Amino acid sequence: MPFLILENLSKHFDGNLVLDNVSLQLKERELVAMIGPNGSGKTTLFNAISGFLKPDQGKIIFKGIEINNLPPNKIARLGITRSFQRIRLFHQLSVLDNMLLAARYNEGEKLFSALFRTRLIHKEEEENIKKSLEYLSFVGLFDKKDSLGENLSFGQRKLLELAMAFASDADLILLDEPTSGVFPETKAKIIQNIQKLNEDGKTILFIEHDMELVMRLAKRIIVLDHGKLIADGHPDEIVNNEHVLDAYFGKRKSYA
Amino acid sequence: MEYELHLFIITGIFVILALSLNLVLGYLGQPALGHAAFFAIGAYTSSLLALNAGISPWIGLFIGASFAAISGMIIGHLTFHLKEDYFGLATFGFGLIIYSGINNLTDVTRGPMGLPGIPQFIAFTDLYNSLIFYCILILLFVLITIFLTRRIIYSPFGRVVQSIRDDELAAEALGKDTRQVKIMIFTIGAFFAGIAGSLYAHYITFIDPSSFNVMESILVVLMVILGGMGTIGGPIIGAAVLILFPEMLRFIGIPDAVAAPLRQMIYGFLLVILIIKRPQGLVGKYKLW
């Protein structure tokens, strides 16, 4: 069974069709890029999958469970994590705390556990700290573990976001423009981290505008335009696809 | 000496109240503007139980706090989805409802005439002994409140609470049930406010609606912001400054008729200066705005 199934997803905003009958399947361990002009519905699709936006029509099935009516926190706990285009971190908490918030707790985050601290809960916390520090070293933020989120540079925040995706233990990771606006060195680091996540068995769907990066990283590309899925396939097919060229380089036909 | 002990007791009661608001305002980041309502529910519940049903203040204290906690939970359920100013307005409205409730339900609360003769925890014949007893009692409750606040905040659960203050949406995206956490914190905050209310009633032995009006809610908000949101020390310092400061005006020899409005002006002035110069409060770490 496919890992993630989107079935005839549609969403209107004030009469505008932002998602138009989108159907899509992802297999486990795929590394897929989503491209499309601005306003083509890419972020809306992410919002729908992660539960922040309820589609008007259609179904989303993740690991065999219908998730389109679940609140975001339930969807996250089923194993979907996402980043936001405008980075969302906890600015007044330390980098390590940010990591621990992404980490998975079974017991420790309950109020009861805060009041009655058992050995088991201490153990869970210690293990999460250990893992978080490992991930921080991996992305090169170990030295920053005690800094507040707000004191990180833009590139460091992007890296922290990825480290949090590692820590989250999610199976499906949605990344909204993971490398936009960062220096080339940081970009290289981020790409390396995405590849590592994929090698570790994560399924990754990412939105990206940098075509060179997309071609290098993705083994499959999905193209959205005007809320419609206009192409889906191997990168080599996509660059020669007539519809895609139209959407990006004019001679624009209406697909609505 | 009696006067100093009295000030110590009153400060202690407001420290508990400010610490309880700090959970909601400082750690959860929700601008609750009706906290005096929970203070009132605690005070009136245990006073009425003691006066009408002869229930011991020791038991009434916990019944009152539980009533406050239940109303906190209900308010939480009704307002968890409201953001910032809207949440502030809703809780402000709740404060008004409770105030006009106790003001107008004259059959139960005697309205503006207030409730006199509320029994104390232990009836002392000697004023000094009574004050010493209350000092110890209040100190004990202050310590319990500090202990439990620390216990809740310095834990993975407390981390989730603070993540909601920083970015609720991001917390939700990381799988935190923000709604449930918010309701829990409202409930705990209201519980301690209820404790403070009941302690106040059984110490002063007379309550009327004027102790629980909107200005009282604002005063507690001021204590937390002035001292520093999201710390334990902040609300303690804030409560001490705002309780003891007006008393000092008295010693300078300013007549009461002038002192009251002057006090309000100085509070307002302090708050403006603080928000501009030091938004995290005197000893605080966190900014709400």
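## Reading two contact surfaces

Trainee: I have the model open. Where should I start with the two chains?

Mentor: Keep in mind that this model is predicted. Let's begin with the surface between the chains. The size of an interface is often given as the accessible area lost when the parts come together. Here we can count residues instead: 23 residues of chain B are in contact with 26 residues of chain A.

Trainee: Which helices of chain B each supply at least two residues of the side that touches chain A?

Mentor: There are four to look for: α6 (127-153), α7 (156-166), α8 (168-173) and α9 (178-204) of chain B. Of these, α7(B) gives the largest share, with 8 residues.

Trainee: And how does that side of chain B divide by class?

Mentor: It has 10 nonpolar, 6 polar and 7 charged residues.

Trainee: Good. Now, inside chain A, what does the domain assignment give?

Mentor: Domain 1 of chain A is written in two segments, 4-89 + 152-249, and domain 2 covers 90-151. Their C-alpha centres lie 26 Å apart.

Trainee: How many residues does each domain of chain A bring to the contact?

Mentor: Domain 1 of chain A brings 14 residues and domain 2 of chain A brings 19. On the domain 1 side, the elements giving two or more residues are α6 (154-167) and α7 (184-199) of chain A.

Trainee: Which element supplies the largest share of that domain 1 side?

Mentor: That is α6(A), with 8 residues. By class, the domain 1 side that touches domain 2 of chain A holds 9 nonpolar, 3 polar and 2 charged residues.

Definitions and conventions:
Residues are numbered from 1 along each chain as its sequence is written. Chains are lettered from A and ligands numbered from 1 in the order in which they are written. This is a predicted model: local features need pLDDT of at least 70, side-chain atom pairs count only at pLDDT 80 or more; totals for chains, interfaces and linings use all residues. Two residues are in contact if their C-beta atoms, placed from the backbone, lie within 7 Å. Ala, Val, Leu, Ile, Met, Phe, Trp, Tyr, Cys and Pro count as nonpolar, Asp, Glu, Lys and Arg as charged, and the others, Gly among them, as polar. Domain bounds come from an automatic or database domain assignment.
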